Amino acid sequence: MADYKDVWIYVEHKEGAFTPMSYELFGIGQKLAADLGANLCALVIAENTDELAKEAGYYGASKVYAVDGAPFKTFRPDAYAKAATTVMDKYKPDVVLYRATSQGADLSSACAATLETGMASDAIGLEIDASKTVKVTRAAFGGNFLVGVVNTKAKPQIATVRPKVFPMAERDSSKQAEVAKEAVEVAEGDLRTTVLQFIKSEVAVNLVEADIIVSGGRGMGKPEGFKVLRELANTLGGALGASRAAVDSGWIPQEHQVGQTGKTVKPKIYIACGISGAIQHLAGMRTSDYIVAINKDAEAPIFKIASYGIVGDYNQVVPKLIEEFKKRLSG
Amino acid sequence: MKIVVCMKQVPDTEAEVKWDLQKGTLKREDMDAITNPFDEFALEEALLTKEKYDAEIVAVSMGPQKATDVLRNALALTVNEVHHVSDPALAGSDTLGTSYALAKAIEKIGDVDLVLCGKQATDGNTGVVASELAVRLGYSQLTFVGKIVEIDAANKKIKVERNIEGGIEVVEAKLPAVVSVLKGINEPRLPNLMGIRKAAKVQIPVWDTNEIGAAKEKVGAEGAAIKVIELTTPPPRSGGEMLSGDVEEVSCLLVEKLLGLKVIK
């Protein structure tokens, strides 16, 4: 397996530009490449890759493998997997990183199955060990355990990377990447999926990317409780979250759920209102930078992990917070 | 139409997790177990599809002896057939081995139009097997599905809504397809007493690696590419400061502290 070399990152794009958090992949990719003494290479698949390839150079890729053509206008797992595996088969990367998004998960799994290699999803730690193998740290049981895994059996070593864990790379427009254009033929008739439409969400619930999350639980007591939480979230430019208890009570749609059967989030500030702090909820938010707990029950376990705790009724505290924030933020 | 539902038994999300630190695997036999919560949505979606379009449902579970509980639950909900894929050689499989063995079992079932899976399992949290299964079988790969809009079995077509970042993607795909469903796609029903009684009497056939035609060296701990080398618990997070005073005081104090973090703009 000695002929496998370099660290590759698969870079997602939307409307002609990289998605904002892709820059984190350049950051961790550069570090792994440096530790291995290897090159950082970017894999870009798009209808037109010219601008994206240039941009990948600015963010530190020394080489860009670019596959373009009409079949790659929007992401489709079969078309993109064919392009990715064809190029990977030819150049044999040692490590390939993707983001842990819907697209990253689809493509990385398809590549791993096609190339018969291992797949470590949702990495929160990536290190090179003494034998030049990538050790991936990932969360199991929704974050209550950390598991270190390696793939010493097959190449490439594939992982998806959790958003907001690694720092972004800096842009330097004096840097340039060598671009290798790779032609991959994909016949429309061979493809199994067609994207008919994309319906943009009007109230996009982007919990994973939010810096501030205001979340409510069983202690809300009623659906109306979320109105005031939403107002606080809007005041702070944050997103609205919920515990499973609140979702299962039908007070708020499931896409807001944080926890083991919901989303795993890592905001800078997480404000938990009326959430007792069951282990399944903590699993989804315990790595937030700062946690604020507001709960009537002074014994609620959430206070054990909260950076700031207030024993009180959210009905009284939250409106006061909104008023105070509005005053301070407008001035 | 023939639907296969893949179901996994996982440790009860409320139960204490027990690890075999030597092998880096779970001591599944020593823990209370439940059906993976996400797979209950897959099973319900199969039942709803059967009601709407008429179909035959086959439930498959890979796991140790105890995993038959999952299949018995499925039987109580009136699936037509169940298969328990079980073999000591399968213990310690990673996603590569699991998707390989399940693909072999699905090929053995034969003439399958639709494979339904949960989005991920609550133990390993990988969410990889459904996609790998699709690639191995050569089926359409449809993940993060929040709604099955339409199935046209005669013309081998399926239309689904995928809930992805920023919105909903409407996708049409060829059948057969592997569809992994999200929580909230439906409300799983509970079995009734008669169903449970009937299911208790059924002999559940076991398919070992020979039966499904899986090469032993490609599954289990031996076939796994991903190996667990380290198990830790996250560093404990200690509590911080309790703010005290009346509502006015604590609110002002908290606003002061949070603005001091320079995160809120």
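Buried residues make up 49% of the 265 residues in chain B; buried here requires 20 or more other C-beta atoms within 10 Å of the residue's own, exposed 12 or fewer, and partly exposed lies in between, with C-beta atoms placed from the backbone. The model is predicted: local features need pLDDT of at least 70, side-chain atom pairs count only at pLDDT 80 or more, and totals for chains, interfaces and linings use all residues. Residues are numbered from 1 along each chain as its sequence is written, while chains are lettered from A and ligands numbered from 1 in the order in which they are written.

Chain B holds 8 helices and 15 strands. These are DSSP runs numbered from the N terminus, helices being H or I of at least four residues and strands E of at least two. Along the principal axes, the C-alpha atoms of chain B fill a box of roughly 65 × 45 × 40 Å. Contacts require C-beta atoms, placed from the backbone, within 7 Å. Of those in chain B between residues at least 6 apart in sequence, 69% join residues at least 24 apart.

The contact between the chains takes 75 residues from chain A and 66 residues from chain B. Helix 8 of chain B gives the largest share of the chain B side, 10 residues. That side divides into 29 nonpolar, 21 polar and 16 charged residues. Nonpolar covers Ala, Val, Leu, Ile, Met, Phe, Trp, Tyr, Cys and Pro; charged covers Asp, Glu, Lys and Arg; the others, Gly among them, are polar.

Strands also pair between the chains, a pair needing at least two DSSP bridges. Strand 12 (residues 193–200) of chain A runs antiparallel to strand 11 of chain B over 7 bridges. Here K200(A) is the bridge partner of G167(B). Strand 9 of chain A pairs with strand 14 of chain B, also antiparallel, over 6 bridges. In that pairing V150(A) partners K227(B). Within chain A, 5 bridges join strand 9 to the antiparallel strand 8 (residues 134–140), and R138(A) partners V147(A).

An open, parallel sheet of 6 strands has the order 14(A)-13(A)-15(A)-16(A)-17(A)-15(B). Strand 14 of chain A and strand 15 of chain B each have a single partner strand, so one side of each is left without a neighbour in the sheet. Neighbouring strands are turned by 20° against each other on average, direction ignored. Strands 13 and 15 of chain A share 5 bridges, with I213(A) opposite Y270(A). Helix 8 of chain B lies across strands 15, 16 and 17 of chain A together with strand 15 of chain B, at about 165° to strand 17 of chain A. Axes are lines fitted to C-alpha atoms, for helices over the stretch in contact, with angles from 0 to 180 degrees between N-to-C directions.

Conventions. Two residues are in contact if their C-beta atoms, placed from the backbone, lie within 7 Å.
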